[in-house]
Amino acid sequence: MAVERVWLDVPYAEKDEAKRGGARWDPAARRWYAPRPGMTALARWAAADVPELLPGEDRSLGSGLFVDLVPRTCWFTNVRSCVAPADWERLRRMITRRAGLRCEACGAGEDREARRWLEAHERWTFDEAARVQTLKRLICLCTDCHTVTHFGLAQVRGLQDRALAHLRKVTGMSEARAREHVEIAFEVWDHRSRHDWELDLGILTGAGVTLAAPPNADARARVAVETLNRLSKRPGS
């Protein structure tokens with residue numbers, strides 16, 4: 001009788017270490033597994049699922065494709081930077097699985113030849129009075145839709161024309177309407193970037209995900225500047 005495999009949650013950066021410990025890759029499931037129970041070298045990656053609906057998550061928030069800019073003080077400080085790699089792998093797997101391995105904005109799947117991947121994106125609400133930015137949804141987006149969503153980063157990387165074209169393709173907007181949409185998004189971003197925001201990641205802690213304390217607003221702003229400078233110096237940017 002075949003021994004039931006034991007699924008693992010292995011962050012990409014640790015895949016070689018897991019492989020040396022005996023882990024194997026299932027290309028159909030796109031997951032690592034232990035070929036038999038009791039492999040102590042792989043115990044640290046034992047799978048522990050998170051619920052498909054996170055406590056307090058609003059899966060109706062922010063449907064469709066639109067430019068969704070976070071305030072300057074929160075650039076490059078995302079959920080991934082606040083959780084352990086293994087917990088991020090669990091979250092990423094849950095997000096892509098519940099989306100049926102399809103982008104929730106355009107319906108596309110992964111395409112390695114086109115360098116299109118499925119990625120996690122955060123949807124936030126903003127309490128202007130309390131200055132609290134609350135994580136309310138995690139959504140699965142393909143690389144192209146994610147590039148549109150982070151339109152400011154697309155500009156830094158020289159991808160704004162490609163992003164605008166994809167926005168129009170998915171939404172059916174005219175060029176004039178698409179440009180107006182981007183302009184309005186930047187006006188909202190400019191207003192919110194005048195303030196420091198506290199981050200509320202309660203939907204993750206409620207699901208048993210352990211968080212590292214998010215950097216304070218000053219540190220987040222410094223990370224944003226340093227990362228932008230690094231990106232702007234890349235060849236072809």
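Predicted model: local features only at pLDDT ≥ 70, side-chain atom pairs only at ≥ 80, totals over all residues.
Q: What volume does the second largest pocket have?
A: About 170 Å³. On a 1 Å grid over the protein atoms alone, a pocket is an open set of points with protein on both sides within 12 Å along at least five of seven lines, whereas a cavity is a set where a 1.4 Å probe fits but cannot get out; lining residues have an atom within 4 Å of a point. Points are joined across faces, edges and corners, and the volume is the space filled by probe spheres set on them.

Q: What order do the strands of the open sheet take?
A: β4-β5-β6, with mixed pairing. Strands pair if DSSP finds at least two bridges between them. Neighbouring strands are turned by 40° against each other on average, direction ignored. Axes are lines fitted to C-alpha atoms, for helices over the stretch in contact, and angles run from 0 to 180 degrees between N-to-C directions.

Q: In what sense do β5 and β6 pair?
A: Parallel, over three bridges, with β5 spanning residues 132-142. V132 stands opposite E198 in β6.

Q: Which helix packs on the sheet?
A: α2, which touches β4 and β5. Its direction makes about 60° with that of β5. Contact means heavy atoms within 4.5 Å.

Q: Switching topic: how many salt bridges?
A: The count comes to 22. The rule is a side-chain nitrogen of Lys or Arg within 4 Å of a carboxyl oxygen of Asp or Glu.

Q: Which residue meets D9 in a salt bridge?
A: R90, at 3.2 Å, N to O. The two are 81 residues apart: D9 sits in the loop between β1 (6-8) and α1 (15-20), R90 in helix α2 (residues 85-98).

Q: Is D9 buried or exposed?
A: D9 is buried, at 1% relative accessibility. R90 is buried too, at 12%. Buried means under 20% relative accessible area, exposed over 50%, partly exposed in between (1.4 Å probe, protein chains only).

Q: And what is the N to O distance for E57 and R98?
A: 2.6 Å. E57 lies in the loop between β3 (31-34) and α2, and R98 in helix α2, so the pair ties together parts that are 41 residues apart in sequence. Both E57 and R98 are buried.

Q: How far apart are the closest N and O atoms of R168 and E175?
A: 4.0 Å, in a salt bridge. R168 is partly exposed at 33% relative accessible area, and E175 is partly exposed at 37%.

Q: Which residues form a network through shared partners?
A: Salt bridges join D9, R31, D49, D87, R90 and R93 into one network.

Q: Last one: where does A163 lie?
A: In helix α5 (residues 160-171). A163 is buried, at 1%. Leaving aside residues up to four places away in sequence, A163 touches T147, V148, F151 and A154.

How values were computed:
Residues numbered from 1 in each chain as written. Heavy atoms only, no water. Helix = DSSP H or I, 4+ residues; strand = E, 2+ residues; numbered from the N terminus.
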